Amino acid sequence: RHGHAGARRVCRGLLLLLVLVLLEGSVVFPLGAASSPDVDPRGHSEDRAVAEESQNYSKKAFPVLSLDYHHIHVPFEIALWVLLASLMKLGFHLIPRLSSIVPESCLLIVVGLLVGGFIKLAGEKVPPVLDSQSFFLCLLPPIILDAGYFLPIRPFMENLGTILMFAVVGTLWNAFFVGGLLYAVCQIQPGNPSDLHNLELLPCLLFASIISAVDPVAVLAVFEEIHINELLHILVFGESLLNDAVTVVLYHLFEEYSGAGTVTILDGVLGVISFLVVALGGVLVGAIYGFLAAFTSRFTSHVRVIEPLFVFVYSYMAYLSAEMFHLSGIMALIACGAVMRPYVEANISHKSHTTIKYFLKMWSSVSETLIFIFLGVATVDGPHSWNWTFVTVTVLLCLVSRVIGVIGLTFVINKFRIVKLTTKDQFIVAYGGLRGAIAFSLGFLLEEKHFPMRDMFLTAIITVIFFTVFVQGMTIKPLVELLAVKKKQEAKRTINEEIHTQFLDHLLTGIEDICGHYGHHHWKDKLNRINKKYVKKCLIADERGREPQLIAFYHKMEMKQAIELVESGGGFKPPSALPSTVSMQNIQPKKPAAAKPVQRALPQLPKGREEEIRTILRSNLQRTRQRLRSYNRHTLVADPYEEGFSDFIIKKQKIIELEKKIIHMNNLTLPAAPPDSPTLCRARLASDPQAYRPKRDSVPTIQVDLASPQSPDSVNLMDEFRANGSRREEEEDQGLTMRPRGEDGRREQLTRCLSDPGPSADEDEDEPFLP
Amino acid sequence: MGASQTRPEHRHQDLADRTGFSLEQIKNLHKRFQQLSGDEDTISKENLESIPTLANNPIRKQIIGAFFDKSAFAECLLAAGGAPHFPYRHQRGFILFGLRNQHRGEAGSCDQIGFEQFLMVMSHFRPPTLKMTAEEKEAMRREKLRFLFNMHDTDNDGTITLVEYRKVVEELLSKSGSIGQEAAEAIADAAMLEVASTNVPTMGPDDFYEGITFEHFEQILKGLEMESRMHIRFLDVDTTTMRCGKSTS
């Protein structure tokens, strides 16, 4: 029976997918028909006919409704594609089993193939969606910015040498190995002279340089789902980002000189210099724009609404500026995001932070989806010229060269690394070298007249992409399981770990100083000190944003726990991951020294009293909740949102009082923090939705200021209920009684206020919570 | 060439066997030692404190203290001279662990340390090698954690009390101005609470958690993978006098 239900669900999901695809196809078809130049839209021709008829200005009927598709067809089609992409993403999650076997990227390519097939069947011209303009200027930047902004700096920097080796030397090796051998293979056909003989060395090398770069989009798409450990992730991903510079240089070099036919030593040297310029120039451009963005964000405290815009616009301009000079746009974007992030986050409000995060995720997600769909569409459309030898040899050589490259490089790298790369690691790095849409777009950019074999190139590129994404993408997950590769540690970072990480940093720096040689830690420490002393003062608005990392971490953790406390709905839990009965009084020294002030002396509670109080209050809350439910149905207006809200508010204020009581009893010290640092504000909004699972009857959008007593919000809330609260304490047995409308006007006002989270009620954190 | 040359060689080889450093590394460290001590046989706290780059380090005192901690070494008194004689079995990596356990009772600090002690403290910061088995890695991790523990446990009673832990956090935040002072205590308290609740989840309201023992310390820092994080790169090649040719280790 279970299998039957499951099968039915799968069928339903598949049917839905099919319907969506058909819908898309059927919508595109008439619109495509309408937009093709040789067939005028019916409405248009009618209008014109009518207009022509009435050349002598005779009065014609006023067109009440007319169709003018041509006017809006470009944005309309773009919107339609985006809609298709998003609906596809939704659709895949209706069939959970499918998305666990096949990575999303493969499914999206298949969808693209289907849509492309429909369009072609309809006889329409497939829009050239992967041409250079839209891909490199619109689709790629959001993904790269998202990657750069959220790049984990610490592991990236620690492994920078390894990453650079793989990116630069590895890509060079791939390009020359594949190009050279391909040329050799093309030449060796002794018997029947084929077109392949016309293929010269330089076009071969050009083709090889296009195909040899690991693609960040594909890597992101696949690696996101397999959750391997941080080291491997950052190695492959970092490589895919940094090899852009090499690809740009090789591509331009070979494209430039393919016409000439030869490359001299001078050109080679110029190529090397060009590489340095491209790479370092890109990073420099990115860093400049990053600092500009950070500096700008320092002054945005009065116009918080446009803060995210600065981040996006400066980053995009960094990308465009780098592209303008033929520098590496990807590296510029990464540098910009990574440089600006610590300063911008210290300056902006927590809402802007959330906005930036979600916009980046949204754009990169849609971009990625669109790229894969377009790959499918372009495959159906693109001019193909299949050549068995060329294609199979290419695929084979790509694999072989990648494996040899990784093994050889790791052998060299391990001599310099302290934490060596094991064979398993090497296998994953080699296997994770996926090719993607960038290679295809670069191939698409080639001009037919310079490269007569362009179609063959494109076919081969597509084959390699399909092979890596489908075969390698689908099998990497089971292989990771099979080889028992270490997975990402999901555990939350504890405060002890944070303390000791910092301690270790300083310790190792100190030991290096004693040893006398300036190593990794020394320079990192120096950079941190310069950062703290000069840069932060310049780029961060005020003192509170410059708190040391440990304190920021502690505040964030504290806030998260306070929020968890509220949302868990009752009972005081000491701040720990495991449920335990340990509280502050267990660790405070029993006999305080005489010199200690009075507040440190702990009142010893009688044994069962604390537990008693807890149970009373907990049961009170439960009764309250039940009471409220029954009352809500009859006395108040049946507004489900409001119902939940008032329930939640009552529950919360109970917990606030409870917590205050137990805090006083146990003398928990909360840091007397001055006005909230951005860290506090941000932590208040808690973690991102993936980590947060809202309980069924809690409303996730509320923001309550709990642990900072100075802020006016919490005081108001407390004051509101303190009067009522003391009354309620006496009526413990009855629980909370809800008064009808007239009597408890004040609370009614509060509830109404809260149930309307419109822009006027839920303002800047500077304004008081209640009017 | 003669007796004067072979004796330090012999000693160095001996030390290499015991501490796990290569001969090249020991030679380089010896040079550094000479540089710090002003060509004498021992170094004092003042020698280490005079390193200019160390001045910016917030936990400078603890680091220097760790070198001179008596409980970490077998014989401080022999530092002044003479060939030290370690009467136990040599075994790479395990040696120091056994050593410390033997002499846990001794407290206090020396005033002068010799090259052997210097080297032994340094040996805690060796990286794991590719050929290490899981047990060896585990032993190395424990050794490093023990070093850290001893650094925190200033009175050498085997537990890190709340006062000691507070001191640790305070020192860590000492360069951060007034924000650091206020928050240090709260952070230390919260951290202590976390250790207590992770290791002893059920405590009655009257029980008192004495302090972090070494087992608890190991438990809470399990996630950090000490053996791969707590290391520095020791120079294999002596850059001042480059010698091409034979390898000596």
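Which residues does Trp81(A) touch, not counting residues up to four places away in sequence? In this predicted model, Trp81(A) touches Val115(A), Ile119(A), Pro127(A), Leu370(A), Ile373(A), Phe374(A) and Val377(A), a contact being heavy atoms within 4.5 Å. The model is predicted, with local features requiring pLDDT of at least 70 and side-chain atom pairs pLDDT 80 or more, while totals for chains, interfaces and linings use all residues. Residues are numbered from 1 along each chain as its sequence is written, chains are lettered from A and ligands numbered from 1 in the order in which they are written, and side-chain values use heavy atoms, with hydrogens and water left out.

Chain A contains 28 helices and zero strands; helices (H or I, at least four residues) and strands (E, at least two) are DSSP runs numbered from the N terminus. Of the 771 residues in chain A, 49% are buried, where buried means under 20% relative accessible area, exposed over 50% and partly exposed in between, with a 1.4 Å probe and protein chains only. The accessible surface of chain A is about 38,300 Å², and carbon and sulfur atoms account for 64% of this area. Accessible areas were computed by the Shrake-Rupley method with a 1.4 Å probe, and for residues only the protein chains shown count as cover. Among contacts in chain A with a separation of 6 or more, 82% involve residues 24 or more positions apart.

The largest nonpolar core has 134 residues, and Trp81(A), Leu140(A) and Phe390(A) have the most contacts inside it. Such a core is a set of buried Ala, Val, Leu, Ile, Met, Phe, Trp, Tyr and Cys residues joined through side-chain atoms within 4.5 Å. Helix α11 (residues 230-260) of chain A gives the most to this core, with 14 residues. A second, separate core of 73 residues includes Leu507(A), Leu508(A), Ile51(B) and Phe118(B). In soluble globular proteins, nonpolar side chains tend to be buried together.

Val236(A) is placed in helix α11 of chain A and is buried, with a relative accessible area of 0%. Not counting residues up to four places away in sequence, Val236(A) touches Val219(A), Phe223(A), Val429(A) and Gly432(A).

Across all chains, 26 aromatic pairs were found in the whole structure. Rings of Phe, Tyr and Trp (its six-membered ring) pair if their centres lie within 6.5 Å; planes under 30 degrees apart count as stacked, over 60 as edge-to-face and the rest as tilted. Phe359(A) and Trp363(A) form an edge-to-face pair because their ring centres are 5.2 Å apart and their planes lie at 70 degrees. Both residues belong to helix α15 (residues 350-381) of chain A and are four residues apart, about one turn of the helix. Phe359(A) is partly exposed at 34% relative accessible area, and Trp363(A) is partly exposed at 38%.

Phe390(A) and Phe457(A) form a stacked pair, with 6.0 Å from centre to centre and 25 degrees between the planes. Phe390(A) lies in helix α16 (residues 388-416) of chain A and Phe457(A) in helix α19 (residues 454-483) of chain A, so the pair ties together parts that are 67 residues apart in sequence. Phe390(A) is buried, with a relative accessible area of 1%, and Phe457(A) is buried at 2%.

Charged side chains also sit over aromatic rings in chain A. Lys361(A) lies over the face of Phe150(A), at 4.5 Å from the ring centre, and the charged end of Arg454(A) sits over the ring of Phe444(A), 5.2 Å from its centre. The criterion is NZ of Lys or CZ of Arg within 6 Å of the ring centre and within 35 degrees of the ring normal.

Chain B contains 11 helices and four strands, and 51% of its 249 residues are buried. Chain B exposes about 12,000 Å², of which carbon and sulfur atoms supply 51%. Phe33(B), Phe67(B), Phe115(B) and Phe118(B) form one aromatic cluster. In helix α6 (residues 115-122) of chain B, eight of the eight residues are buried, among them Phe115(B) and Phe118(B).
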